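Q: I am new to this structure. Could you walk me through how to read its features?

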Amino acid sequence: MKIYNTLTKKKEEFVPVNPPKVRMYVCGPTVYDYFHIGNARSFVMGDMIRRYLLYRGYDVKYVMNLTDVDDKIIKRANELGEDPKKYAEKYIAEFFKDIDGLKVKRADAYPRATEHISDMIELIKKLEEKDVAYNVDGDVFYDVRKFKDYGKLSGKKIDELESGARIEINENKKNPLDFALWKKAKEGEPEWESPWGKGRPGWHIECSAMSMKELGETLDIHAGGSDLIFPHHENEIAQSEAATCKDFVKYWVHFGFLNIRDEKMSKSLGNFYTAREVLKKYPAEAVRLLFAQTHYAAPLNFSFELLDSAKKATERISSLAKTVTEKLASKNFGDEEYELNFEEFENKFRIAVDDDFNFPKGVAVIFDFVKAANREMQNKNLPKSFYENAKGFLERTAQDVLGIVDFNFQDEDKSTGGKQDELIKILIELRQKAKAEKNYALADEIRDKLSAIGIILQDSKTGTTYKIKS
Ligand code: AMP
Ligand code: ZN
């Protein structure tokens with residue numbers, strides 16, 4: 001397997017520190033609002049990579065942090081007169097609803113910043129002992145000049161950054177690029193006791209402390225959106241490596257932005273759709289296929305037209321999945337020979353995705369497969385093995401890795417946001433219309449056809465309702 005590593009700017013052979021174990025960390029949300037479909041791209045791509053590693057036989061420990069203390073949370077909560085901790089709790093619960101809605105597998109751990117303050121304090125103490133951190137009246141900063149590799153991830157040079165970048169001005173800092181490890185308590189902000197007095201941690205130290213606590217001092221893969229390369233991930237490296245004198249991460253993986261009209265989708269620009277509103281109209285499978293069709297590192301211009309065509313495309317897979325499932329349930333098989341080579345398709349899928357998680361190519365293999373399988377089924381009376389192999393292939397690739405089909409069809413109505421209910425109601429309305437026009441033959445036909453597929457209409461004085469025969 002090969003992975004493009006942001007650190008070396010090369011595609012490298014993937015060799016985990018301690019195979020078959022893979023320790024993977026993805027930067028999670030700052031929980032101050034519902035997340036948008038741009039954040040969703042990063043969460044789904046992290047999930048797809050993890051699922052692929054599992055498919056390839058790795059024993060993956062997957063961790064995502066929840067940033068539940070941060071400037072944005074405090075600001076919002078204070079504006080609303082709410083307790084920041086409670087406010088964050090609410091959005092953690094909402095985060096999980098949307099993650100489940102996107103059919104993202106739950107991580108092995110979701111460490112919360114507020115539950116790891118002592119780990120952060122320990123790490124800052126270590127940095128102070130090593131003389132790369134300094135305390136100015138209760139604010140503790142990281143001294144970037146003391147870390148010789150500063151800039152190795154983003155390729156930025158300290159001198160250029162100092163002169164060009166827009167950096168937070170703070171007269172307490174020795175150098176404008178130095179960043180806060182510990183922030184002195186302020187009125188109206190959550191605070192914890194520390195050796196430097198009351199205060200709260202900076203954002204970057206949260207990820208260093210929690211990732212190393214959960215996964216050890218050297219991680220195999222650390223991922224996040226590419227907006228995090230600088231300064232967040234650069235700072236994580238500086239903190240972790242100065243403290244441990246070990247490589248912090250073997251492979252750095254960064255997701256391209258989800259854009260809207262070529263502009264990054266973000267809360268601050270206001271050009272966003274929440275994952276929740278999108279999931280009301282589209283099944284998770286369509287959203288996931290849309291994401292899988294673009295390489296994870298490339299930008300993706302979001303539009304509802306693209307999502308519509310992704311949805312249509314998922315229907316081609318689910319239709320095959322249904323046919324295969326029904327056929328296996330019917331136990332009615334033939335014995336004609338077929339040409340489709342299942343092993344070859346699976347090899348192609350693996351070879352495609354092994355190359356830096358090239359899901360777009362993997363998806364293309366799946367659609368070739370759908371075409372080939374449909375062709376075989378059209379003309380032949382096929383044996384049981386054909387349907388079993390087809391089901392196995394689709395389950396392993398399209399379902400378990402990509403999550404673009406779900407063999408658990410009962411959930412379908414929910415995942416299409418109640419479309420089935422809407423459709424039946426439209427038919428009931430049309431039947432009423434037919435009756436009003438005295439076209440009883442058509443009215444009866446609608447009722448009978450629905451009944452034949454187990455949807456029973458019940459007329460009463462107040463109108464028509466329906467029930468589904470199980
Ligand atoms: P946040 O809650 O803003 O810290 O972001 C959570 C995750 O979403 C991070 O990994 C970000 O890099 C990522 N992210 C934010 N905006 C986008 C976007 N437009 N496209 C892709 N990923 C994004
Ligand atoms: Zn992070």
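Q: Which element gives the largest share of the shell around ligand 1?
A: Bear in mind that this model is predicted. Helix 1 gives the largest share of the shell around ligand 1, with 4 residues.

Q: How many residues surround ligand 1, and which are the closest?
A: There are 18 residues around ligand 1. The closest are Ser42, Gly225, Asp227, Leu258 and Met265.

Q: How do the residues of this shell divide into nonpolar, polar and charged?
A: The shell around ligand 1 holds 7 nonpolar residues, 9 polar ones and 2 charged ones.

Q: Which polar side-chain atom lies 2.9 Å from a nitrogen atom of ligand 1?
A: Look for pairs of N or O atoms within 3.5 Å. Ser42 provides such a side-chain atom, at 2.9 Å from a nitrogen of ligand 1. The backbone takes part too. Met265 has a polar backbone atom 2.9 Å from a nitrogen atom of ligand 1. At Thr30, a backbone N or O atom lies 3.1 Å from an oxygen atom of ligand 1.

Q: How much of the accessible area of ligand 1 does the protein cover?
A: On its own, ligand 1 has 500 Å² of accessible area, and the protein covers 91% of it.

Q: Which elements give two or more residues to the shell around ligand 1?
A: They are helix 1 (37-55) and strand 9 (219-225).

Q: Now the metal. What are the protein donors of the zinc ion (ligand 2)?
A: Start with the atoms that approach the metal. Here they are SG of Cys27, SG of Cys207 and NE2 of His232, lying 2.1 to 2.2 Å from the zinc ion. Along the chain, the donors of the zinc ion follow the spacing C-x179-C-x24-H.

Q: Where in the chain do Cys27 and His232 lie?
A: Cys27 sits in the loop between strand 3 (21-26) and helix 1, while His232 belongs to helix 7 (residues 229-244). They are 205 residues apart, so this pair links distant parts of the chain.

Q: Are Cys27 and His232 buried or exposed?
A: Both Cys27 and His232 are buried.

Q: How many salt bridges does the count come to?
A: First, the idea. Side chains of opposite charge can pair when their charged atoms come close. In this model the count comes to 46 salt bridges.

Q: Which residue forms a salt bridge with Lys61?
A: The partner of Lys61 is Glu214, and their closest N and O atoms are 3.4 Å apart. This pair links distant parts of the chain. Lys61 is in strand 4 (residues 59-64) and Glu214 is in helix 6 (residues 203-215), 153 residues apart.

Q: Where do Lys125 and Glu122 lie?
A: Both are in helix 4 (residues 117-129), 3 residues apart, which is about one turn of the helix. Lys125 and Glu122 form a salt bridge, with their closest N and O atoms 3.3 Å apart. Lys125 is partly exposed at 30%, and Glu122 is partly exposed at 45%.

Q: Which residues do salt bridges that share partners join into one network?
A: Asp71, Lys183, Glu189 and Arg200 are joined in this way.

Q: What joins the side chains of Asp100 and Arg106?
A: They meet in a salt bridge, 2.8 Å from N to O. Asp100 is partly exposed, with a relative accessible area of 38%. Arg106 is partly exposed as well, at 41%.

Q: Is Ser194 buried or exposed?
A: Ser194 is buried because its relative accessible area is 14%, and buried means under 20%. Ser194 lies in the loop between strand 7 (179-184) and strand 8 (199-201).

Q: Which side chain does Ser194 join in a polar contact of 3.3 Å?
A: That side chain belongs to Trp182. The side chain of Ser194 also reaches the backbone oxygen of Gly197, at 2.6 Å.

Q: Is Lys312 buried or exposed?
A: Lys312 counts as exposed, since its relative accessibility is 58%. Lys312 lies in helix 10 (residues 304-330).

Key. Residues numbered from 1 in each chain as written. Chains lettered and ligands numbered in written order. Predicted model: local features only at pLDDT ≥ 70, side-chain atom pairs only at ≥ 80, totals over all residues. Heavy atoms only, no water. Near = heavy atom within 4 Å. Polar contact = N/O pair within 3.5 Å; in protein donor to acceptor, adjacent residues only side chain to side chain. Areas by Shrake-Rupley, 256 points an atom, 1.4 Å probe, with all protein chains shown as cover. Nonpolar A, V, L, I, M, F, W, Y, C, P; charged D, E, K, R; others polar. Donors = N, O, S within 2.8 Å, 3.2 Å for Na, K, Ca; no water. Buried < 20%, exposed > 50% of the residue type's maximum accessible area, 1.4 Å probe, protein only. Salt bridge = Lys/Arg side-chain N within 4 Å of Asp/Glu carboxyl O.
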